[in-house]
Number of protein chains: 2
Amino acid sequence: MTSASPSGRRTGRPRSAEADRAILDATRAALVELGWGKLTLGDVASRAGVAKTTLYRRWAGKSELVVDAVAALFDEHLELPDRGGLQADIEGVVLQFAALLERPETKTALMAVVAESTRDDALRARIRSAIVDRQKTLVLLGRERAQARGELPHESDPGAADRNADLIFDVIAGTVLHRTLVSAESVDAEWARSFAALVVGGLASVGTLP
Amino acid sequence: MTSASPSGRRTGRPRSAEADRAILDATRAALVELGWGKLTLGDVASRAGVAKTTLYRRWAGKSELVVDAVAALFDEHLELPDRGGLQADIEGVVLQFAALLERPETKTALMAVVAESTRDDALRARIRSAIVDRQKTLVLLGRERAQARGELPHESDPGAADRNADLIFDVIAGTVLHRTLVSAESVDAEWARSFAALVVGGLASVGTLP
DNA sequence: GCTCTTTCGCTACGAGTCGTAGCGTAACTG
DNA sequence: CAGTTACGCTACGACTCGTAGCGAAAGAGC
C-alpha cells in the first residue's frame with residue numbers, strides 16, 4: 001500500500017494529457033467516419049498516434065472510451081441561456097439538444113452505449129454521471145427560473161417535485177431523442193415550438209393535480 | 001430469366017418455416033443470455049440447430065436478424081384495448097410499451113439496432129416497417145377514438161393533423177424509452193398516470209392553438 | 001417415376017479484431 | 001541518482017466474421 005497523498009498518484013512518469021486529447025479527438029473522428037459498429041480501438045490508437053496498449057491502460061473498453069469522447073461534446077454545447085420565459089427556455093434547450101444529436105458522432109454513439117449499458121451497471125453509472133445528470137441539471141435550472149418568474153408554483157412536497165422533474169426530463173430528452181434517432185426527422189424551430197407548447201400546457205394541467 | 005409466377009419462387013426445395021421459428025427463438029434466447037454486444041451469429045445458429053450458412057442465406061447480418069426477432073414481440077404484445085377514455089387509453093399503451101421494453105431481449109436489442117440504423121438506410125427502413133409504424137398505428141387509432149368520443153377536435157388541416165400525430169408519437173414512445181433505458185427506472189401505474197395526464201393536458205392546450 | 005432446382009448441413013478458410021504480455025525506453029519525483 | 005510509472009513496440013492465442021465448396025435432402029413440373 002502506498003501512503004496516502006494529497007492528490008492521486010505521486011511519483012513516476014505522469015500520463016500525457018496531450019495523449020488524452022488526441023485519443024478523444026481520434027475517437028470522435030472515427031465515430032464520424034466509421035460509426036459505432038466498425039470503430040475499433042486499434043484504429044483509434046493509430047489515428048491518435050498512440051500505442052494500442054496506452055488505450056487499454058486508460059479505458060476498460062470501447063464503451064467507456066466513447067462515453068468520455070461524447071460527454072465532452074455535451075459539456076461544450078449544452079447550456080441554458082435565459083430567454084425570458086418557460087416556453088422559450090424549453091425551445092432553446094430542445095434545439096440545443098437536437099443539434100447535438102444530429103452530429104454524426106453523437107448520433108451513432110449515444111444509442112449504442114445506452115444499449116450496452118443495459119447489461120453493464122458500471123457503464124450505466126458512467127453514462128449517468130458524464131452525460132445524463134448534466135442534462136438533468138438544465139431541467140432543474142429551468143424550473144427554478146420559471147418559479148422565480150411565477151410561471152410555475154413552488155411545490156411543497158419535495159418527493160413530488162423530484163418525480164415531476166424526472167418526468168419532465170424524460171419527456172424532453174426522450175422525445176427529442178426519439179424524433180431525431182428513431183423517426184429520423186430533423187428538429188426545426190417550428191417543431192420545437194409545438195413541442196414546447198405541449199410541455200408547457202401539460203405542466204399547467206399537472207400542476208393543478210392533487 | 002425465370003418466367004414470372006403468381007407468388008415468388010416456384011420450384012426447388014422450400015425454405016423450412018420451422019428453421020425460421022427456431023432461429024428467431026434462438027436469437028431472443030441469445031439476447032437474453034448474452035445481450036446484443038456478445039451475441040454472435042455462430043452461437044445463434046448452433047442454438048437453433050441450424051448451420052451458420054443457413055442464417056446468412058436469410059439475413060444480411062446481425063442487425064436484420066435481431067430486428068425481425070424483436071419485431072415479433074411487438075406484434076404479439078402491442079394492442080390498444082378501448083378503456084373508455086383518452087387518458088386511460090394512453091396509460092394502457094404506455095404500460096404495454098414499457099412492459100415490452102423491460103424484457104431483457106428488447107432492452108438490449110432495440111437501442112442497438114437503432115444505433116446501427118443511423119448509418120444504414122436499409123436497416124432504418126426495416127425497423128420502421130417492422131416496429132415503428134406498427135406502434136404509430138396505435139396513436140392514430142387512439143386519436144380516432146378520442147375524436148369519436150368528442151375528447152379531441154376533428155382537425156381540418158390534414159398536414160397539421162399528421163404533424164400533431166407524429167409529435168404525440170415521439171412524445172409517448174420517446175418518453176417511455178428514455179425512462180426505461182436511459183433513466184433505467186421502472187414504469188408503474190402511478191408514473192403512467194402522471195405522464196398520461198401531462199400528455200392529455202398538453203393536447204388540450206395545443207388543440208387551442210392557431 | 002424422373003429430372004430440375006433450391007435449400008440444407010457440414011467443413012474449411014483468410015481476414016480481421018480482441019485484449020494481454022513482455023521488453024526496453026522516456027519522463028518525472030524525492 | 002535511484003525509484004516509479006507511463007510509453008511505444010512487437011507478438012501472441014483466441015475468437016468472430018462472412019464466404020466457398022461439397023454432397024445430400026426436399027419439393028415442383030413433366
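How many residues of chain A are in contact with residues of chain B? In this predicted model, 49 residues of chain A touch 49 residues of chain B, where contact means heavy atoms within 4.5 Å.

A few conventions first. Residues are numbered from 1 along each chain as its sequence is written, and chains are lettered from A, with ligands numbered from 1, in the order in which they are written. Local features need pLDDT of at least 70, side-chain atom pairs count only at pLDDT 80 or more, and totals for chains, interfaces and linings use all residues, while side-chain values use heavy atoms, with hydrogens and water left out.

**The interface.** Chain A and chain B bury about 3,900 Å² between them, 63% of it from carbon and sulfur atoms; buried area is the accessible area (1.4 Å probe) that two parts lose on being put together, summed over both. A:R119, A:D170 and A:L198 supply 17% of the area that chain A buries against chain B, more than any other three residues.

**Salt bridges.** Here the rule asks for a side-chain nitrogen of Lys or Arg within 4 Å of a carboxyl oxygen of Asp or Glu. It finds 36 salt bridges over all chains, and two across the interface of chain A and chain B. Some of the pairs are these:

| Pair | N to O distance |
|---|---|
| A:E190 and B:R163 | 3.9 Å |
| A:E151 and A:R149 | 2.9 Å |
| B:D68 and B:R126 | 2.9 Å |
| B:D82 and B:R145 | 3.8 Å |

B:D68 sits in helix α4 (residues 62–77) of chain B and B:R126 in helix α7 (residues 121–149) of chain B, so their pair ties together parts 58 residues apart in sequence. Helices are DSSP runs (H or I, at least four residues), numbered from the N terminus. B:D68 is partly exposed at 22% relative accessibility; partly exposed lies between buried (under 20% relative accessible area) and exposed (over 50%), with a 1.4 Å probe and protein chains only. In chain A, a network of salt bridges links A:D82, A:D89, A:R145, A:R149 and A:E151.

**Helix packing.** Helix α1 (residues 17–38) and helix α6 (residues 104–117) of chain B pack at about 75°, with axes 8 Å apart. That makes α1(B) roughly perpendicular to α6(B), a label for angles of 65 to 115 degrees. Axes are lines fitted to C-alpha atoms over the stretch in contact, and angles run from 0 to 180 degrees between N-to-C directions.

**A backbone detail.** Most residues other than glycine have a negative phi. A:A184 has a positive phi of about 60° although it is not a glycine, and its place is in the loop between α8 (158–182) and α9 (189–207) of chain A.

Notes. Helices (H or I, at least four residues) and strands (E, at least two) are DSSP runs, numbered from the N terminus. Angles under 35 degrees count as roughly parallel, over 145 as roughly antiparallel, 65 to 115 as roughly perpendicular and the rest as oblique.
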